[in-house]
Amino acid sequence: MTTLVIAEPSAEGVKVPTLTTLGAASKLGGEVHVLVLGQGVGAVADATAQVAGVAKVLTADAAELAHGLAENVAPLVVNLVQAGGYGHVLAPSTTFGKNVAPRVAALLDVAQISDITGVESADTFTRPIYAGNAIATVQSSDPVKVATVRGTAFEAVAATGGSASVEAASGATDSGLSKFVSQEVSKSERPELTSARVIVSGGRGMQSGDNFPLLEALADKLGAAVGASRAAVDAGFVPNDYQVGQTGKIVAPELYIAVGISGAIQHLAGMKDSKVIVAINKDEEAPIFQIADYGLVADLFKAVPELTAEI
Amino acid sequence: MKVLVAVKRVVDYNVKVRVKADGTGVDTANVKMSMNPFDEIAVEEAVRLKEAGKATEIVVVSVGPTQAQETLRTALAMGADRAILVQSDAETQPLGVAKALKALAEKEQPGLVILGKQAIDDDANQTGQMLAALLGWAQGTFASKVVPAEGTVAVTREIDGGLETVDLKLPAVVTTDLRLNEPRYASLPNIMKAKKKPLETVDAASLGVDLAPRLKTLKVAEPAKRAGGVKVGSVQELVAKLKTEARVI
Ligand SMILES: Cc1cc2nc3c(=O)[nH]c(=O)nc-3n(C[C@H](O)[C@H](O)[C@H](O)COP(=O)(O)OP(=O)(O)OC[C@H]3O[C@@H](n4cnc5c(N)ncnc54)[C@H](O)[C@@H]3O)c2cc1C
Ligand SMILES: Nc1ncnc2c1ncn2[C@@H]1O[C@H](COP(=O)(O)O)[C@@H](O)[C@H]1O
């Protein structure tokens, strides 16, 4: 059985979520094809053809696909699945993948397995439920298995070493249902949250967005990304895409430093697979200390500048 | 414009669930149940659209057991006009729920269907997208702003890199993210009034829908536990441990 991986749209190069999704695909055992879609994606398709383990790259290059609108992408994927006889369709658990994959699954009249963290066999997968407080093993008897893949649970495949063929996938059309209007992308020189080696996150304890430069100074010294709890985002300290947690981004860096974050289960769900967790909180009873490898009971306004100076 | 809102009864977000010893699921006996938090946001948005004169009627729907009537009553107390329970005692899965909602959407002909982006029990994040697919409608997922206009709705979406705005043809499906609004608490008089609002019960078969789960749960297990850590006495000690013990900096 062949697997179709829907690549994370990219303006240049192959994105990490595509590589980790390919990591999951490699566990299924069959041949792996990758759909690269967007507008002007020739170079990205060529880069994808170099990725280890990819047999074929399908390129859907069309103006209608420029913004990855689900209404236009899903029918294209469904056509490919029906024509190509794919047994599995995998997409990364990014906001792109989560938006598109269920639309594909419903059009195929199959269930979707969300956010898989393990491949037991070609039809059996593990996935977290209840904010990661339980892990379910689920089996699908549908003819096509559509799944989204949790990036932190799989090893990224090597970006080089492959030599896939590249083929054009035609048939993209504008559904006429939706139109892209605008995008406000947060600009940052720092690494992306989901692929950073170190993350410094701030919570309500930061008191205001004006205090986030304290964390940014620390992050700059460590080459870290900056994240946040929901409370910090809701209060407007930082933009929405900083949110780590059950309903935000799932991260698993080498080092996660939680500053002024209490440790609600919804937050832990997004970061408890980090290798080393540090918590700085003035309340020694804060639940975050139960999962932190190193806990420092201190006022963050004193401890963070000290830490930045010390490193 | 009529607005249809889907609400699910789930284990309250404050409850730390326990996995059953026999590995068949999580313990939901004597556990506090509430409306899925994202669905409260969905109901609130519909009520605000009505208050702004943009919605005429709000119909709330739940697929689940008899007890889901309480969830529907909560939505009625928040300001919905009437409720429909699609009675089902088995576990519901997104594709089946989407099919039931599709059947009701065809009957009710809403201009907008609002769902939560994710149910906090199954963490699936699928139902709205599936419903939009089955209806052949546009989808505005993870919405942080919803602005209806003549024949279209502008939806601002929370995406990985920031925010994106799309214009959708109506009728459309919208799923809510956390920043869309802050749901109100139902006042006591409104809770009393809600008891008199119409609540209809239908079964899935009468809608011609098969709710049987497609995915079989073979096992539910506890996640790997983190070994407890240590408290350090100072920033200097922390830095030393990170350098020599954990070796991450
Ligand atoms: C449906 C739903 C989804 C959710 N999804 C998410 C999610 O994805 N991610 C997420 O993070 N949350 C999520 N939440 C919210 C979650 O339940 C918590 O409310 C949130 O994580 C709390 O954020 P916090 O720890 O920053 O704030 P608080 O719980 O208020 O904690 C602030 C902490 O800062 C400490 N502090 C204050 N001042 C100082 C100081 N000067 N020095 C040191 N420490 C200080 C305090 O002791 C306290 O422990 C969700 C909730 C719901 C209902
Ligand atoms: N059984 C149900 N009854 C009513 N609405 C539901 C049900 N299941 C899911 N939904 C809706 O679909 C959204 C997403 O759920 P899910 O796809 O399961 O994460 C929820 O926030 C609800 O709005």
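Reader: In which loop of chain B is Pro171(B) found?
Author: This is a predicted model, in which local features need pLDDT of at least 70, side-chain atom pairs count only at pLDDT 80 or more, and totals for chains, interfaces and linings use all residues, while side-chain values use heavy atoms, with hydrogens and water left out. Residues are numbered from 1 along each chain as its sequence is written, and chains are lettered from A and ligands numbered from 1 in the order in which they are written. Helices (H or I, at least four residues) and strands (E, at least two) are DSSP runs, numbered from the N terminus. On that numbering, Pro171(B) sits in the loop between β9 (162-169) and β10 (172-176).

Reader: What is omega for the peptide bond from Leu170(B) to Pro171(B)?
Author: Most peptide bonds are trans. The bond joining Leu170(B) to Pro171(B) is cis, and its omega is near -5°.

Reader: Where is Tyr130(A), and is it buried or exposed?
Author: Tyr130(A) belongs to the loop between β7 (124-129) and β8 (134-140) of chain A. Its phi is positive, about 50°, although the residue is not a glycine. Buried means under 20% relative accessible area, exposed over 50%, and partly exposed in between (1.4 Å probe, protein chains only). Because its relative accessibility is 15%, Tyr130(A) counts as buried.

Reader: Is Arg247(B) buried or exposed?
Author: Arg247(B) is found in the segment after α6 (235-245) of chain B. Phi is near 50° here, a positive value in a residue other than glycine. With 66% relative accessibility, Arg247(B) counts as exposed.

Reader: Which residues does Thr2(A) contact, leaving aside its neighbours within four places in sequence?
Author: Thr2(A) lies in the segment before β1 (3-6) of chain A, and at 19% relative accessibility it counts as buried. Contact means heavy atoms within 4.5 Å. Sequence neighbours within four places aside, Thr2(A) is in contact with Glu31(A), His33(A), Tyr86(A), Gly87(A) and His88(A).

Reader: How many Å separate Tyr185(B) and Met78(B), C-alpha to C-alpha?
Author: Tyr185(B) is in the loop between β10 and α5 (188-194) of chain B, and its 80% relative accessibility makes it exposed. In sequence, Tyr185(B) and Met78(B) are 107 residues apart. In space, their C-alpha atoms are separated by 7.0 Å.

Reader: Which residues have the most contacts inside the largest nonpolar core?
Author: A nonpolar core is a set of buried Ala, Val, Leu, Ile, Met, Phe, Trp, Tyr and Cys residues joined through side-chain atoms within 4.5 Å. The largest has 60 residues, and those with the most contacts inside it are Leu35(A) and Val77(A).

Reader: What is the radius of gyration of chain A?
Author: The radius of gyration is taken over C-alpha atoms, and the globule rule is 2.2 Å times the number of residues to the power 0.38. For 311 residues, a compact globule would have a value near 19 Å; chain A agrees with this, at 21 Å.

Reader: What percentage of the residues in chain A is buried?
Author: In soluble globular proteins, nonpolar side chains tend to be buried together. Chain A has nine helices and 16 strands. Of its 311 residues, the buried ones make up 59%.
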